[in-house]
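Open the model in your viewer and keep the selection tool ready. We will go stop by stop.

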Amino acid sequence: MSRKNLSLSSRVLGTFLVGALALAACGNSGDDDVDAADAPGTTEAAESGSEDSGEGSGEFQAISGVPGVTDDEISFAVLSTGESNPLGYCLLACIEDGVKAYFDWRNSEGGLHGRDLVVSKVVDDELGNNQVKALELTEDSDVFGVFSVPLIASGFADLASARVPVWTNVVAASESAGQETIFQLSGTPCIKCPAMSNLYLPKQAGATTVAAIGYGVSQASKDQVASVIASVEKWGDDAGIELGYTNDDMPYGLPNGIGPEVTAMKEAGVDYVITAFDQGGALALEQELERQGMSDVLVQLPQGYADAEFAAANADLLEGDILSTYVRPLEANPEGTQMEHYLHWMEERGATVTEYSLHGWVMADLAYQGILAAGPQFDREAVIEATNQFTDYTGGGMTAPVDYSRQHNPPTIDDPVTNGPAQRCFGYVTITGGEFELIGDPEKPWTCWDQADGEWHEPTATNFE
């Protein structure tokens, strides 16, 4: 099987880790957008939690005693890992870019409840000081809420105890679990649960024998390997896929290389590798596959979507490889979604489009919608309560729907439905000639599996607006 000769239609779909090796699960189906006529705080607005038309920015009423809120501004902090990120990719600065671009858009329309939305503090947790920095923010009267995507979310429990609303992605899945004040973009996932998406892409690519490999120091990485194993055990016969090799205990950074592991894959006839590595680990794997004459083996990359420099600099090694995203793919048709606004306002800021700036944008929208739904006499508790009534949030078509009334707790292997998404959805891209190319229909860029039926079945191409 030649990676370069696979047709686009045959390179469809798969799943692996995004960001700091955490797998996202998607929410309920539907696209009940809030109409411009819906006043904030009404039942329709609260139940939907979808994008407001942009014409209604609430009503100004004087309020006092609310942290971070004056008559002129609603102030937020961005807390994340900056230059000390050992994985190398842009995190703090990119989250900041996305949040500020979103605020630029909303402020150009008149702000929210008569106030401008501002980022008043940008806090680098320096990787190991997340708890210290989070505790400082819990006592900061100039901060209403926190946008945070740390690598080590040790301060999340303190922010939750202080009832400070936090908007994050799935990087902090375990630290966010069960916390009604912490809002993950895709709800709280079960990373180690079996997923049909683990097998569908290998099946479509004509592969028969998969490998799953990850780091021993990362529980999320180990859980992703466990997910692949559980998926093959449950549906392998239906998909025509078997396990050739697994390893969830590789040392971080691969200091001893990965030669013996690739040799074991070769001997087992592996023709598809699902990785739970960072970018550096994935490149080391690709180089070793090339060295051992296995360049035709397809690889699912753990991260790097929308990182144009990463794709272009490693074009030959990454040719044909696949990445997943739980925010709307940039390569899809943006019409009718917030993607149009995102691209415009990122350009206005002169900021680089990245995966994590996309995350920041959607997190900012969720904060905006929660404050809007809470009404002009809002405070932290009102916003937390209002956001937890959103049952079909899509971020204006930027994510698959999430039900925040029940998706703070992770689903389980025994019960994937009660706290899980109605559909598990991903967008997929492949790297071709050093550039990202959408897998699937630009009009229906989401690939979704119904969660109610545990039997093996094909996904459905879907769009959320």
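Select helix 8 and helix 9. Their axes cross at roughly 55 degrees, so the two helices are oblique to each other. Angles under 35 degrees count as roughly parallel, over 145 as roughly antiparallel, 65 to 115 as roughly perpendicular, and the rest as oblique. Helix 8 covers residues 259-268, helix 9 covers residues 279-291, and their axes come within 10 Å. Axes here are lines fitted to C-alpha atoms, for helices over the stretch in contact, and angles run from 0 to 180 degrees between N-to-C directions. Helices (H or I, at least four residues) and strands (E, at least two) are DSSP runs, numbered from the N terminus.

This is a predicted model, where local features need pLDDT of at least 70, side-chain atom pairs count only at pLDDT 80 or more, and totals for chains, interfaces and linings use all residues. Residues are numbered from 1 along each chain as its sequence is written, and side-chain values use heavy atoms, with hydrogens and water left out.

Stay on this pair. Helix 8 passes helix 9 in a right-handed crossing. Which residues make the contact? On helix 8, pick Gly259, Val262 and Met265; on helix 9, pick Leu285, Glu288 and Leu289. Contact means heavy atoms within 4.5 Å. By class, four of these residues are nonpolar, one is polar and one is charged. Ala, Val, Leu, Ile, Met, Phe, Trp, Tyr, Cys and Pro count as nonpolar, Asp, Glu, Lys and Arg as charged, and the others, Gly among them, as polar.

**Next stop: salt bridges**

How many salt bridges does the structure hold? There are 10. Each is a side-chain nitrogen of Lys or Arg within 4 Å of a carboxyl oxygen of Asp or Glu.

Select Lys100 and Glu96. Their side chains meet at 2.7 Å, N to O. Both residues sit in helix 2 (residues 92-108), four residues apart, about one turn of the helix. Lys100 is partly exposed because its relative accessibility is 22%. Glu96, at 17%, is buried. Buried means under 20% relative accessible area, exposed over 50%, and partly exposed in between (1.4 Å probe, protein chains only).

Now select Asp140 and Lys121. This salt bridge spans 3.1 Å, N to O. Asp140 lies in the loop between helix 3 (130-138) and strand 3 (145-149), and Lys121 lies in strand 2 (residues 116-124), so the bridge ties together parts 19 residues apart in sequence. Is Asp140 buried or exposed? Asp140 is buried, at 14% relative accessibility. Lys121 is partly exposed, at 27%.

Move to Asp248 and Lys222. Their salt bridge is 3.4 Å, N to O. Asp248 is in strand 7 (residues 242-250) and Lys222 in helix 7 (residues 219-239), 26 residues apart, so-called distant parts of the chain. Asp248 is partly exposed, at 30% relative accessibility.

Then show Arg106, Glu109 and Asp365 together. Salt bridges link these residues in a network.

**Next stop: helix 6**

Select residues 197-204. Six of the eight residues of helix 6 are buried, so the rest of the structure largely encloses this helix. Color the buried ones: Ser197, Asn198, Leu199, Tyr200, Leu201 and Pro202. After helix 6 comes Gly206, with a positive phi near 85 degrees.

**Last stop: the whole chain**

Zoom out. The protein chain has 14 helices and 14 strands. Of its 465 residues, 60% are buried.

Note on methods. Left-handed = near helix turned anticlockwise from the far one by under 90°.
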